[in-house]
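This report describes one protein chain from its atoms. It begins with a single residue and then widens to the whole fold.

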Amino acid sequence: MNKNKQNLNSKDKSEILIVSNFRSLKICNIYFNIILALSGVYYMITAKDLAPFYILFTLNSGIIILSEIHRKSKKYTVVINRKIIEKYKFEKAVYKSHSTMFILTLLLLILWQMLNSIYFRFPIEIAIIGILIRIVAIIYYTNKISKEIKN
């Protein structure tokens, strides 16, 4: 059996999971940007509610600010296959900022839900769909990257 087609060790699996998480966070960021922009326009016209725009602004500005803070700290390193880093454009600072802002976005959606009627479920539905997208993307990219490394 060729050495390149061996089973993955635990270090490789953890690195694959980190890159899979990174890609899933990027996909969720795109989802949140699109859905919050569209719902922001809709709620601005119909209900005079700017909450989606505030959440969208917090999400995007937070990623930029936190990425710069994490780039300057550089107190951690992750050793990942160079080919995987280049293909998926992995950067630890961006990964940390996306992870933090994903959680903050979910919390802001829950807060938006709590401030509105219990029958108004749109923010919680956005959050649930975002979590489901992230889970599916992690599974997809974990399998995809594992196959790429084995081959």
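## Ser-39 in helix α1

Ser-39 lies in helix α1; helices (H or I, at least four residues) and strands (E, at least two) are DSSP runs, numbered from the N terminus. The residue is buried, with a relative accessible area of 4%. Buried means under 20% relative accessible area, exposed means over 50%, and partly exposed is in between (1.4 Å probe, protein chains only). A polar atom of the Ser-39 side chain lies 3.3 Å from the backbone oxygen of Leu-36. Not counting residues up to four places away in sequence, Ser-39 touches Pro-52 and Phe-122; a contact means heavy atoms within 4.5 Å.

## Basis of the model

The model is predicted: local features need pLDDT of at least 70, side-chain atom pairs count only at pLDDT 80 or more, and totals for chains, interfaces and linings use all residues. Residues are numbered from 1 along each chain as its sequence is written, and side-chain values use heavy atoms, with hydrogens and water left out.

The pLDDT score is the predictor's confidence in each residue, from 0 to 100. Its mean over the protein chain is 86, and 88% of the residues reach 70 or more. Over residues 1-5 pLDDT stays under 50, and for this stretch the model has four contacts beyond four places in sequence. Where pLDDT is low, the predicted coordinates should not be read in detail.

## Overall fold

The protein chain has five helices and zero strands, and along the sequence its pattern is α-α-α-α-α. Of its 151 residues, 38% are buried. Among contacts with a separation of 6 or more, 76% are between residues 24 or more positions apart.

## Nonpolar core

A nonpolar core is a set of buried Ala, Val, Leu, Ile, Met, Phe, Trp, Tyr and Cys residues joined through side-chain atoms within 4.5 Å. The largest one here has 30 residues, and those with the most contacts inside it are Phe-32, Leu-36, Leu-109, Trp-112, Ile-126 and Ile-145. At least two residues of this core come from each of α1 (10-46), α2 (51-73), α3 (82-88), α4 (92-115) and α5 (122-150). Helix α1 gives the most, with ten residues. In soluble globular proteins, nonpolar side chains tend to be buried together.

Leaving aside neighbours within four places in sequence, Phe-32 has contacts that include Leu-56, Leu-59, Phe-102, Leu-106, Leu-109 and Ile-126.

Which residues does Met-101 contact, leaving aside its neighbours within four places in sequence? They are Thr-58, Leu-59, Gly-62, Ile-63 and Leu-66. Met-101 is found in helix α4 and is buried, with a relative accessible area of 4%. Its C-alpha atom is separated by 6.5 Å from that of Gly-62, a residue 39 positions away along the chain.

## Helix α5

The 29 residues of α5 should span 42 Å at 1.5 Å a residue, and the end C-alpha atoms are 42 Å apart, which agrees. The expected span is 1.5 Å times one less than the number of residues. Buried residues of α5 include Ile-126, Gly-130, Arg-134, Tyr-141, Ile-145 and Glu-148. What covers the buried residues of this helix includes α1, α3 and α4.

## Salt bridges

A salt bridge is a side-chain nitrogen of Lys or Arg within 4 Å of a carboxyl oxygen of Asp or Glu. The whole structure has four of them. Glu-68, Arg-71 and Glu-91 are linked in a network of salt bridges. Between Arg-71 and Glu-68 the closest N and O atoms are 2.9 Å apart; these two residues are three apart in helix α2, so about one helical turn separates them. Arg-71 is partly exposed at 30% relative accessible area, as is Glu-68 at 39%. Arg-71 also meets Glu-91 at 2.5 Å, N to O. That pair links distant parts of the chain, with Arg-71 in helix α2 and Glu-91 in the loop between α3 and α4, 20 residues apart. Glu-91 is partly exposed at 31% relative accessibility.

Another salt bridge joins the side chains of Lys-87 and Glu-148 (2.7 Å, N to O). Here Lys-87 belongs to helix α3 and Glu-148 to helix α5, 61 residues apart. Lys-87 is partly exposed, with a relative accessible area of 46%, whereas Glu-148 is buried at 18%.

Technical notes: A polar contact is a pair of N or O atoms within 3.5 Å; within protein, one must be able to donate a hydrogen and the other to accept it, and residues adjacent in sequence count only if both atoms are side-chain atoms.
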